[in-house]
Amino acid sequence: MRIFGDTPVVSIQRDGEGWRLTTPEGQVHARRVLIATNGYSSEDLPDWLGGRTLPARSQIMMTRPLTRTERRAQGFTTPIMSYDTRDLLHYFRHLPDGRFLFGMRGGVTAHPAEAARTSALLRDHFARMFPAWAAVEAETEWSGFICLTGSSAPYIGPVPGADGLYAALGWHGNGVAAATLGGELAAGLIAGAPTAIPALMRQPPRRFPLPALRRVALRAAYVWKGLMDGPMPRAPH
Ligand SMILES: Cc1cc2nc3c(=O)[nH]c(=O)nc-3n(C[C@H](O)[C@H](O)[C@H](O)COP(=O)(O)OP(=O)(O)OC[C@H]3O[C@@H](n4cnc5c(N)ncnc54)[C@H](O)[C@@H]3O)c2cc1C
């Protein structure tokens with residue numbers, strides 16, 4: 001099998017019995033195509049996807065290794081991965097090598113100004129939740145897009161009305177295990193093997209109401225949920 005990576009599909013068109021995928025580097029013909037673009041989906045690849053997905057930014061920072069004394073100073077030493085009970089939750093864990101990983105949601109675009117704002121907010125929330133480590137340097141930080149759908153559920157199945165096109169996406173921030181399993185289920189479906197796709201994942205995602213405004217609605221939801229969650233602890237001096 002040949003894999004063509006690092007080259008985006010820019011169009012998907014009917015081509016006889018199958019589909020023609022065009023990339024800047026060339027074209028590929030395929031009888032069956034799986035759309036697994038999740039938080040990086042395009043509105044028109046294929047057109048059916050338009051208005052059905054909503055990318056949301058998730059952002060993570062990782063400190064340098066903490067010493068045992070530093071870990072004890074904060075009183076949070078469990079190696080178990082954890083998250084808090086806020087709607088706009090924070091997720092965090094000590095890694096086996098002593099580094100501490102801390103992440104949260106925020107931002108709805110990849111715009112550099114928004115990335116910088118989310119990064120500053122992440123650092124601020126980290127300092128408020130773990131004041132003993134407020135001055136600890138972050139070794140690295142990264143972010144990406146998770147995928148919400150208009151049905152609030154993932155989808156594995158055929159693209160309606162497009163014979164040979166399939167989709168597996170909409171993992172809502174929990175795709176590390178679920179999308180891996182979803183890939184296996186999608187492969188079985190495409191190969192015509194018996195598959196046990198959960199009923200929740202068999203309904204094609206609905207379009208968001210007023211799809212053109214869904215990013216604005218998500219921003220408003222962040223503000224509202226932030227208010228409902230209540231203030232963060234005070235920043236350390
Ligand atoms: C910061 C962060 C933290 C996260 N933490 C967790 C966690 O703790 N647990 C968890 O379960 N999940 C977590 N997630 C979510 C998880 O990463 C995703 O659910 C998972 O990666 C989805 O896998 P996927 O293969 O469906 O999509 P992705 O891994 O997003 O892959 C989609 C691919 O499609 C490609 N693509 C898009 N358009 C095109 C095109 N036109 N042509 C060709 N290729 C295209 C993209 O380049 C990308 O490689 C996190 C996500 C982020 C961003």
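Around the ligand sit 19 residues, and those that come nearest are Val 9, Gly 173, Asn 174, Gly 175 and Val 176; to be near, a residue needs a heavy atom within 4 Å. This is a predicted model, where local features need pLDDT of at least 70, side-chain atom pairs count only at pLDDT 80 or more, and totals for chains, interfaces and linings use all residues. Residues are numbered from 1 along each chain as its sequence is written, and side-chain values use heavy atoms, with hydrogens and water left out.

Here are some polar contacts (pairs of N or O atoms within 3.5 Å):

| Backbone atom of | Ligand atom | Distance |
|---|---|---|
| Val 9 | nitrogen | 2.8 Å |
| Tyr 40 | nitrogen | 3.5 Å |
| Val 176 | oxygen | 3.0 Å |

On its own the ligand exposes 1000 Å², and the protein buries 62% of that (Shrake-Rupley accessible area, 1.4 Å probe).

What classes of residue make up the shell around the ligand? There are 12 nonpolar and seven polar residues, with no charged ones; Gly counts as polar here. β5 (53-63), β9 (138-149) and α3 (175-191) each give the shell at least two residues. These elements are DSSP runs, at least four residues for helices and at least two for strands.

Now for the sheet. It is open, with three strands in the order β1-β2-β3 and antiparallel pairing, where pairing takes at least two DSSP bridges. β1 (11-15) and β3 (26-30) are its edge strands, each pairing on one side only. β1 and β2 (residues 18-23) are joined by five bridges, and Ile 12 has Leu 21 of β2 as its bridge partner.

Definitions and conventions:
A polar contact is a pair of N or O atoms within 3.5 Å; within protein, one must be able to donate a hydrogen and the other to accept it, and residues adjacent in sequence count only if both atoms are side-chain atoms.
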